[in-house]
Amino acid sequence: MFFSQAGARPRMWEASPSEYKKWVEVFKACDEENKGCLSRENFKVAVVMLFGYKPSKIEADAVMSSVDPNTSGILLKEFLDIVRKKKEAQLYRNEIRHIFTAFDRHYRGYLTLEDFKKAFKQVAPKLSERIILEVFREVDQDSDGHVSFKDFEYAMNYGQKGHGFEPWSGKIPHAAEQLSP
């Protein structure tokens, strides 16, 4: 896939000291019995407090399956790592949204072949129109002549663990900076 070859690469994000402190405070607030770990339900509350949504059963199962079975929940160190990964995923998705919005100059919520041509002429002027058309067709998953944000996001994540970004994996691809017009 063109986008993953164009410069997507894993990167790590580090929390600021104040953000890190907030995560620790949320952990302690959710660790109601001061056991030093969070139960599944307490973990969900912590995610609501930090990210504003309740994790799905699938997300909670994924997290809980990675927890050491000899503990009665998620330890602080594990929690901080999970939150960092989630924050990285959130930032990466925002980066993809920003690039998509820059390409969507008419604010339609989708990209046309003309949008692709204009964007690629700015960032890769020597790229042939045939290659741009091939990329567009590959990214336009449902072949409707429009690249939705969902199509675009999938393309940007292509080649990353299982062809779709997994927010709890910790491997965050870096969007191709040269694609941002």
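Modeller: A crossing is right-handed if the near helix is turned clockwise from the far one by less than a right angle, and left-handed if anticlockwise. By that rule, helix 3 and helix 5 cross in a right-handed manner. The model is predicted. Two packed helices are described by the angle between their axes and the distance between the axes. For helix 3 (residues 40-51) and helix 5, the angle is about 40° and the axes lie 12 Å apart. Helix 3 is therefore oblique to helix 5. On the helix 3 side, the contact is formed by Phe43, Ala46, Leu50 and Phe51. These residues meet Phe79, Ile82, Val83, Lys86, Lys87 and Gln90 in helix 5. Sorted by class, this contact has seven nonpolar residues, one polar and two charged.

Helix 5 (residues 76-103) also packs with helix 2 (residues 17-30). Their axes come within 10 Å and cross at roughly 125°. Angles of over 145 degrees would count as roughly antiparallel and those of 65 to 115 as roughly perpendicular, so helix 2 and helix 5 are oblique to each other. The crossing of helix 2 with helix 5 is right-handed. Helix 2 contributes Glu19, Tyr20, Trp23, Val24, Val26 and Phe27, and these meet Leu76, Phe79, Leu80, Val83, Arg84 and Lys87 in helix 5. The contact of helix 2 with helix 5 comprises nine nonpolar and three charged residues, with no polar ones.

Key:
Residues numbered from 1 in each chain as written. Predicted model: local features only at pLDDT ≥ 70, side-chain atom pairs only at ≥ 80, totals over all residues. Heavy atoms only, no water. Axes fitted to C-alpha atoms, helices over the stretch in contact; angles between N-to-C directions. Helix = DSSP H or I, 4+ residues; strand = E, 2+ residues; numbered from the N terminus. Parallel < 35°, antiparallel > 145°, perpendicular 65-115°, else oblique. Contact = heavy atoms within 4.5 Å. Nonpolar A, V, L, I, M, F, W, Y, C, P; charged D, E, K, R; others polar.
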